[in-house]
Amino acid sequence: MSETINLPKGPRAPRALQGIAFLASRHKTMAHLRRKYGSSYTLNIPIFGRAVVISDPALVKQLFMTSTEVAKNVEPNLGRVLGPGSFFSLEGEAHRRQRKLLVPPFHGKRMRSYEGIIEEETLREAASWPIGTEFETLEPMMRITLNAILRAVFGAEGAEFESLRALLPTMVTNASRLVVLPVPELNLGSRTPWARHAAYRAQFDGIVDTLIAKAKADPNLADRDDVLAIMLQSSYDDGSMMSNNAVADQLLTMLAAGHETTATTMAWAVERLRRHPAILRRLVEEVDAGGSELLQATILELQRHRPVIDLTMRHVAAESMPLGEWVIPKGYNVIVGVSLVHNDEKTFPNAQTFDPDRFIGTAPDSYSWVPFGGGTRRCIGAAFANMEMMVVLRTLLRDFELVPTLEPAERWHSRGVAFAPHKGGRALVRRRARVAERVREAELTG
C-alpha cells in the first residue's frame, strides 16, 4: 500500500502561466519560488509536468541514492536523439553494464594521456586569436573541446576527423531542439528537423563504421589510448562485445554531454576572471610556479557559481516515493535545482560571491556541489571534463595575458541545453612577453 501523498506547497497559477515564467527566466523564477515557499516546492509546467523542486542537500542525497526502480530517468530525454544504446536511454541493469564498461577510459593513467592532445588543440586555436582586440571566446572554446573529443574519444584523424568536425556542430544543434518535441506519426517530408536528424545520423553512423573498421584492422590497437579503441577491446561480464550501433550511440553521447558544457564553462572562466583581477593575478603566479591548487579550486568554483546545466531530474516510477517529509506520487518528476543548491548560504556563505578560496584544501560535497548530477546517473566524463578545463585554462594563462575589465558581468543566456555568458565570454588578450618573442623568432625564421 502506498503512503499518504504529501507534497510541498507551490504556485497555484495555471499551468500555462507557470510555464511562461519558467521559460522566460528560469533562474529568477526558481529563486523567487524558493524564497516564497522554501527549499522544496511543487510546480506544474509544460514539458516537465507536475514536479517537485528540491534544493536541500539532504534531500538531494536521498534522491540520488534512491533505487532506479523507484525513481528512474526522466522522459523525454536526450536518448531519443542519441539512440537506444545511449546512457540517457538505458535503465536498470543495462545502464549498469554499460557504465561499468565505459568507466575505465575516463580515469587514471589513460585519462592523463589525453592532456597533450588538449594542450595541442588549445594552442592551435589560440594561435589565431586577435591580439589587443576584444572577441567572444565561446565559439573558440567549442572548437577546442570538439577537436579534443574527436581525437581523444573518437580516435579520429584525417578524412574522418574533418568529416566529423564539419558534421557534428550542426547535428548536435539540430538534435538539441528535438529533445522536447513530439515525434511526428506521419512522414512530413525531408525538410523537417526530424528528417534532417535522420540524415545527419545516417552520415554519422557511416563515419563511425569506417573508424571501427580501421581500428579493428590496426595492428597497434592494443597500444592506442583513445576511448574508441578501448571500447572495441572491452567486453561485458558475459564476454559479449558492444555492437557498432551501441558504440556509435555512446560516442555521440560523450560528445553531446561533454562538448558544449565544457566549452561554456571555459567561456565563463574568461568572463569571471576578467572581473576578478586579484584572483587572475594569483592564478598566473601559480601557473608560472608549476602549481595547481588554486587552479583546481577555480574550476570547482566556476561550476558552483556559474553552473552550465542548472537542472537534474528523476521520474517517480513507483506508486509513491518518500523524500524527507514529503511523499511524492507516481508520475511526478523531482527536479534538483542546481543553482539553488549552489547558492544555499548555509552551505556556501556569501554564495553570490565568486570565491575560489572556498575550495582551497577541501573537496566539494557530492550532494551540495552537483554540476555533474549524481548517483547512478552522475556524468561519466566528469573527471575528463575537469582535466580538460584545467589544461585549457593553464595553457591560456601561461601563454596569454588576459586583460581585466570594468564592464558589468555578462548575463545568463540559455542556449537550450546550456547557460552561457550573454556576450559569449568576451576576452581581450596579449601574448605574454616570452611567448611573443618566440612568435617573432618563428616568423623571422619562416
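Predicted model: local features only at pLDDT ≥ 70, side-chain atom pairs only at ≥ 80, totals over all residues.
**Entry: α12.** I started with helix α12, residues 244-274. I wanted to know how its end-to-end distance fits its residue count. At 1.5 Å a residue, its 31 residues should span 45 Å, and the end C-alpha atoms are 45 Å apart, so the two agree. Then I looked up how covered α12 is: 27 of the 31 residues are buried, so I put it down as mostly covered.

**Entry: His27.** Next I went to His27, which sits in helix α2, residues 26-37. Is His27 buried or exposed? Its relative accessible area comes out at 18%, and the cut-off for buried is under 20%, so I noted His27 as buried. I then listed what His27 touches, skipping neighbours within four places in sequence: Asp310, Ser339, Trp412 and Phe419.

**Entry: α8 and α16.** Last, I looked at helix α8 (residues 138-152) against helix α16 (residues 382-399). Their axes are 12 Å apart and the packing angle is about 125°.

Which residues make the contact? From α8 I have Met141, Ile144, Thr145, Ala148, Ile149 and Ala152, and from α16 Phe384, Glu388, Val392 and Leu396. Sorted by class, the contact of α8 with α16 has eight nonpolar residues, one polar and one charged.

Key. Residues numbered from 1 in each chain as written. Heavy atoms only, no water. Helix = DSSP H or I, 4+ residues; strand = E, 2+ residues; numbered from the N terminus. Expected span 1.5 Å × (residues − 1). Buried < 20%, exposed > 50% of the residue type's maximum accessible area, 1.4 Å probe, protein only. Contact = heavy atoms within 4.5 Å. Axes fitted to C-alpha atoms, helices over the stretch in contact; angles between N-to-C directions. Nonpolar A, V, L, I, M, F, W, Y, C, P; charged D, E, K, R; others polar.
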